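Trainee: Please take me through one part of this structure at close range. Then connect it to whatever else is worth a look.

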Amino acid sequence: TFMGRSLKGVRMYDSVSEAILNVRNHAYKGMVRGRLPFRWWISVSYDEMNSELGIIIFDHGYGIPRTMNTSTKFDRIRRLMSLREGGWSEKSRLCIAFERYRRKNGTSRPFIEGRGHGCEDIARLIQKEGANQVRKGCRLSVISGMARYDLENTVISGRGEAKALKLKLQGTLIEWKIKL
């Protein structure tokens, strides 16, 4: 129970711990200590008027688009994206990180079996599936580098919207808004 609301059936642990593990395993990997701290922050808030729980995780690491760029497992995707409009932009990379498993019919299949499920796990918190009993209107927003990705669980296709940003965020900010 949180602020008088039951959280039974809302599966937060997997998504939040995956985001934290991604910071530990990827955000600062190979980064030289400088002005920015090698830390991460988490904030939890509750909007009583809208019965909405907010969770934010932020780090000053490389960011999702940049870490994808250095990964050899994305060479196949990089080759395919270089043929499309927009190419291998940070917006495209952030979108791919969250949607590379999704097919048009809603089923999923990874490009590389057993690898790269982190963003899928992060997005799972807002999706009503199996034992996760969240309400409609839950949202995920991710800002990383010069891109933003937004996903709402009311979207039928399960696809989010990616946008290019004019200013760069050093690191990654992940925000979940969960209707209780």
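Mentor: Tryptophan 40 is partly exposed, because its relative accessible area is 37%. Here buried means under 20%, exposed over 50%, and partly exposed in between, using a 1.4 Å probe and protein chains only. The model is predicted: local features need pLDDT of at least 70, side-chain atom pairs count only at pLDDT 80 or more, and totals for chains, interfaces and linings use all residues. Residues are numbered from 1 along each chain as its sequence is written, and side-chain values use heavy atoms, leaving out hydrogens and water.

Tryptophan 40 sits in strand β1 (residues 40-47). Strands (E, at least two residues) and helices (H or I, at least four) are DSSP runs, numbered from the N terminus.

Now the aromatic rings. The whole structure holds 2 aromatic pairs. In one of them, phenylalanine 98 and tyrosine 149 are stacked, because their ring centres lie 4.9 Å apart with planes at 10°. Pairing needs centres within 6.5 Å; planes under 30 degrees apart are stacked, over 60 edge-to-face, the rest tilted. Phenylalanine 98 is in helix α4 (residues 90-99) and tyrosine 149 in strand β3 (residues 139-152), 51 residues apart. Both are buried.

How values were computed: Rings of Phe, Tyr and Trp (its six-membered ring) pair if their centres lie within 6.5 Å; planes under 30 degrees apart count as stacked, over 60 as edge-to-face and the rest as tilted.
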